[in-house]
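This report walks through side-chain packing and pairing in one structure. Please have the model open while reading.

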Amino acid sequence: MNDKVFTKPIKKHFEFDEEVAAVFDDMLKRSVPFYEESQKITKFFALKSIKKDSVVYDLGSSTGSLLISISKDLENEARLVGLDNSEAMLEQARKKAQAFGAKIELENADILEYNYEQADVFISNYTLQFIRPLVREELVKKINLSLSSDGIFIFSEKVISHDSKLNKDLIECYYDYKKEQGYSEYEIVQKREALENVLVPYSEDENIKMAKNCGFKHCEVVFRWANFATFIAIK
C-alpha cells in the first residue's frame, strides 16, 4: 500500500499507529535513502555473529522485514526476537512472518524495561532517535551488558552535522531525494512538523561516543548516505 499519511493536515505528533503500520514498508523505501542496502549490510554482519543457539534482538522491529530476511539464511539454530511497542506494527509483522513461513518471535514490549537474555546480536533500525537522549544512553548500556563477550550492536540512525551550513545542505539533499520518490512539498513539510521534538538525532561522532561511553570497545560507520548512517558497535 502506498504511503499517503501526510497528504492531509496533521493533527498530532508522529505515531506508529494503524495508519502508519499499513503503509510502513512503502514509507521506509521512499523515506530512507538506500534502505535496502543498509539492511543487507546489517543482515551480513548479523549472520557473521550468529552462533548455534544465539539470541538476536531487533529493537523496534516494526513489520519484521529484517528478521524474516535473516531467518531465510540462517545456518545455525537461533532465536530471532522482534520487540516493538506498536501492536499495529506487530500485527503486520505476524501476517508477514506467517506468509513467509519465518520462524521469528514477536513481542509487544518496552525496550527500555525489557529483561534481555544474553545475546550475540542486537539490532536497532532508526529506533534510538525516538528515545530521549538521557534514557537513550541507559538503553545502550543495557544492550552492552546483555551482549556476549564478542557480541555486536548494529544500529541505523538519522544523523546531523554540527556545521550549520553543511547540516542545512544535508537536509536539502534529503528533501530532494524525497521529491524524487514522489513526495510533494506539502507532505514533506507535514511529516517534518509531525516529527518535531519526537525524533532527536545525534551526529555521527555523538553516536560513536555514546557507544564507547556505554562500554563498547569499538564503533564505526559501515554505511552512510548524506544524513543517514548505519553503525556497528563491538563489545
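Cysteine 214 is buried, at 6% relative accessible area. Buried means under 20% relative accessible area, exposed means over 50%, and partly exposed is in between (1.4 Å probe, protein chains only). Cysteine 173 is partly exposed at 34%. The disulfide count is zero, where a disulfide is a pair of cysteine sulfur atoms within 2.5 Å.

The model is predicted: local features need pLDDT of at least 70, side-chain atom pairs count only at pLDDT 80 or more, and totals for chains, interfaces and linings use all residues. Residues are numbered from 1 along each chain as its sequence is written, and side-chain values use heavy atoms, leaving out hydrogens and water.

**Nonpolar cores**

In soluble globular proteins, nonpolar side chains tend to be buried together. A nonpolar core here is a set of buried Ala, Val, Leu, Ile, Met, Phe, Trp, Tyr and Cys residues joined through side-chain atoms within 4.5 Å. The largest one has 30 residues. Tyr57, Leu83, Tyr116, Phe122 and Phe153 have the most contacts inside it. Seven elements each supply at least two of its residues: strands S1 (54-59), S2 (78-84), S4 (119-125), S5 (147-160) and S8 (228-234), with helices H5 (133-146) and H8 (204-213). Helices (H or I, at least four residues) and strands (E, at least two) are DSSP runs, numbered from the N terminus. S5 gives the largest share of this core, four residues. A second, separate core holds 20 residues, including Val56, Leu80, Ile104 and Ile152.

Which residues touch tyrosine 116, leaving aside its neighbours within four places in sequence? They are Tyr57, Leu59, Leu83, Ile111, Phe122, Leu139, Lys142 and Ser146. Contact means heavy atoms within 4.5 Å.

Helix H3 (65-72) has Leu66, Leu67, Ile68, Ile70 and Ser71 buried. The buried residues of H3 pack against helix H2 (35-49), S1, S2, H4 and S4.

**Aromatic pairs**

A pair of aromatic rings is described by the distance of the centres and the angle of the planes. Rings of Phe, Tyr and Trp (its six-membered ring) pair if their centres lie within 6.5 Å; planes under 30 degrees apart count as stacked, over 60 as edge-to-face and the rest as tilted. The count comes to 14 aromatic pairs. Tyrosine 57 and tyrosine 116 are edge-to-face, because their ring centres are 5.0 Å apart and their planes stand at 80 degrees. Tyrosine 57 lies in strand S1 and tyrosine 116 in the loop between S3 and S4, so this pair ties together parts 59 residues apart in sequence. Tyrosine 57 is buried at 0% relative accessibility. Tyrosine 116 is buried too, at 10%. Ring pairs join Tyr57, Tyr114, Tyr116 and Phe122 into a cluster.

Arginine 136 lies over the face of tyrosine 202, at 4.2 Å from the ring centre. The rule for a charge over a ring asks for NZ of Lys or CZ of Arg within 6 Å of the ring centre and within 35 degrees of the ring normal.

**Salt bridges**

Side chains of opposite charge can pair when their charged atoms come close. A salt bridge is a side-chain nitrogen of Lys or Arg within 4 Å of a carboxyl oxygen of Asp or Glu. The whole structure has twelve. Three of them follow.

| Pair | N to O distance |
|---|---|
| Glutamate 77 and lysine 103 | 3.9 Å |
| Glutamate 105 and arginine 79 | 2.8 Å |
| Glutamate 87 and arginine 94 | 2.7 Å |

Glutamate 77 sits in the loop between H3 and S2, and lysine 103 in the loop between H4 (87-100) and S3 (105-108), so the pair ties together parts 26 residues apart in sequence. Both glutamate 77 and lysine 103 are exposed. Glutamate 105 lies in S3 and arginine 79 in S2, so this bridge also links parts 26 residues apart in sequence. Glutamate 105 is partly exposed at 30%, and arginine 79 is partly exposed at 27%. Glutamate 87 is partly exposed at 39%; arginine 94 is partly exposed at 32%. Salt bridges with shared partners join Lys51, Asp120 and Asp150 into one network.

**Serine 203**

Serine 203 is in strand S6 (residues 202-203). Is serine 203 buried or exposed? It is buried, with 5% relative accessible area. Not counting residues up to four places away in sequence, serine 203 touches Val159, Ile160 and His162.
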